[in-house]
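Please keep the sequence and the structure in view while reading.

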Amino acid sequence: YFNLPRQSNSPVRLGNILPSDIDGLRPPPTGTPNFFVGYLANEYGQAFDGVRLFEFRANFAEPLLSTFTERPESPWEVTEFDPTSPPERTDIAQPPPGDFLDSNSDRLSYRLSYRNLGSSESLVVAQTVRVASSPYRAGVRVYQLKRNTGGPFAVTEQSTIGTTDASRWIGAAAQDHQGNIAVGYNFASEQKRPSVLYSGRLASEPAGTFRTEATLVEGTG
């Protein structure tokens with residue numbers, strides 16, 4: 001058990017910390033720890049909106065020698081976002097008579113996807129953020145942390161997929177062996193039943209250039 005000291009006077013916990021989960025057939029380089037990502041938000045009393053990266057090194061022979069430490073290049077300040085949502089889990093509007101839905105905006109969304117791309121290593125993850133307040137609309141913030149193998153990580157993607165006429169939330173991001181990124185997410189509005197949509201970008205395309213979204217599952221209820 002690792003008890004992390006608070007980084008500010010905020011009474012709110014440190015975002016949430018999500019463990020990395022490997023994709024692909026190429027294992028991490030020998031000695032690579034399990035990476036964990038968390039976030040900072042000024043709405044919670046932190047100095048800036050940011051991303052944090054931790055290393056968990058498990059020692060199964062002598063568990064008390066295991067370590068959980070923050071990477072030296074962490075945290076990173078990122079473009080401002082708002083992880084808050086209306087109280088009481090009544091956030092996302094859908095067509096009547098449906099109830100309002102919970103945005104789960106206080107946490108990173110499963111999964112934190114790790115890929116060893118050969119010459120580089122990459123982590124991608126998504127979280128729900130506020131893109132409008134009246135009425136509340138949620139969007140999906142997508143992050144990519146990348147490094148040349150063995151070097152320091154940097155934030156290479158920090159885009160928000162969202163509009164003010166509908167909500168997108170609980171996104172899940174992943175990448176293939178070429179580094180192309182896909183992200184799927186829930187979608188709903190007062191006029192459109194909850195559905196599953198997706199977007200993405202090629203590794204060769206500039207950061208932030210997510211493509212026109214398409215429907216994966218059309219909601220019927």
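**A guided reading of the model**

The model is predicted. E88 is found in the loop between β5 (76-77) and β6, and its phi is near 65°, a positive value in a residue other than glycine. Because its relative accessible area is 70%, E88 is classed as exposed, the cut-off for that class being over 50%. N104 also belongs to the loop between β5 and β6. Its phi, near 55°, is again positive in a residue other than glycine. N104 has a relative accessibility of 22% and therefore counts as partly exposed.

The peptide bonds also deserve attention. A cis bond joins Y110 and R111, with omega at about 10°; R111 is part of strand β6, which covers residues 108-116. Another cis bond joins S134 and P135, where omega is about 0°. P135 sits in the loop between β7 (120-133) and β8 (136-148).

The interior comes next. In soluble globular proteins, nonpolar side chains tend to be buried together. Here the largest nonpolar core has 20 residues, and those with the most contacts inside it are V37, V51, L53, F81, L123, L145 and F153. At least two residues of this core come from each of β2 (34-40), β3 (50-57), β6, β7 and β8. Leaving aside residues up to four places away in sequence, L145 touches a set of residues including V37, V51, L53, L123 and F153, and also W76 and E121. A second, separate core is made up of 13 residues, among them V124, V140, A166 and I181.

Aromatic rings provide a further view of the fold. The count of aromatic pairs comes to ten. One of these pairs is formed by F35 and F153, in an edge-to-face arrangement with 5.2 Å centre to centre and 75° between the planes. This pair links distant parts of the chain, since F35 is in strand β2 and F153 in the loop between β8 and β9 (154-161), 118 residues apart. Both F35 and F153 are buried.

F36 and F56 form another edge-to-face pair, 6.1 Å centre to centre with 85° between the planes. F36 in strand β2 and F56 in strand β3 are 20 residues apart, and their pair likewise links distant parts of the chain. F36 counts as buried because its relative accessibility is 15%, under the 20% cut-off. F56 has a relative accessible area of 26% and is therefore partly exposed. F36 and F56 belong to one aromatic cluster together with F2, F54 and F68.

How values were computed. Residues are numbered from 1 along each chain as its sequence is written. This is a predicted model: local features need pLDDT of at least 70, side-chain atom pairs count only at pLDDT 80 or more; totals for chains, interfaces and linings use all residues. Side-chain values use heavy atoms; hydrogens and water are left out. Helices (H or I, at least four residues) and strands (E, at least two) are DSSP runs, numbered from the N terminus. Buried means under 20% relative accessible area, exposed over 50%, partly exposed in between (1.4 Å probe, protein chains only). A nonpolar core is a set of buried Ala, Val, Leu, Ile, Met, Phe, Trp, Tyr and Cys residues joined through side-chain atoms within 4.5 Å. Contact means heavy atoms within 4.5 Å. Rings of Phe, Tyr and Trp (its six-membered ring) pair if their centres lie within 6.5 Å; planes under 30 degrees apart count as stacked, over 60 as edge-to-face and the rest as tilted.
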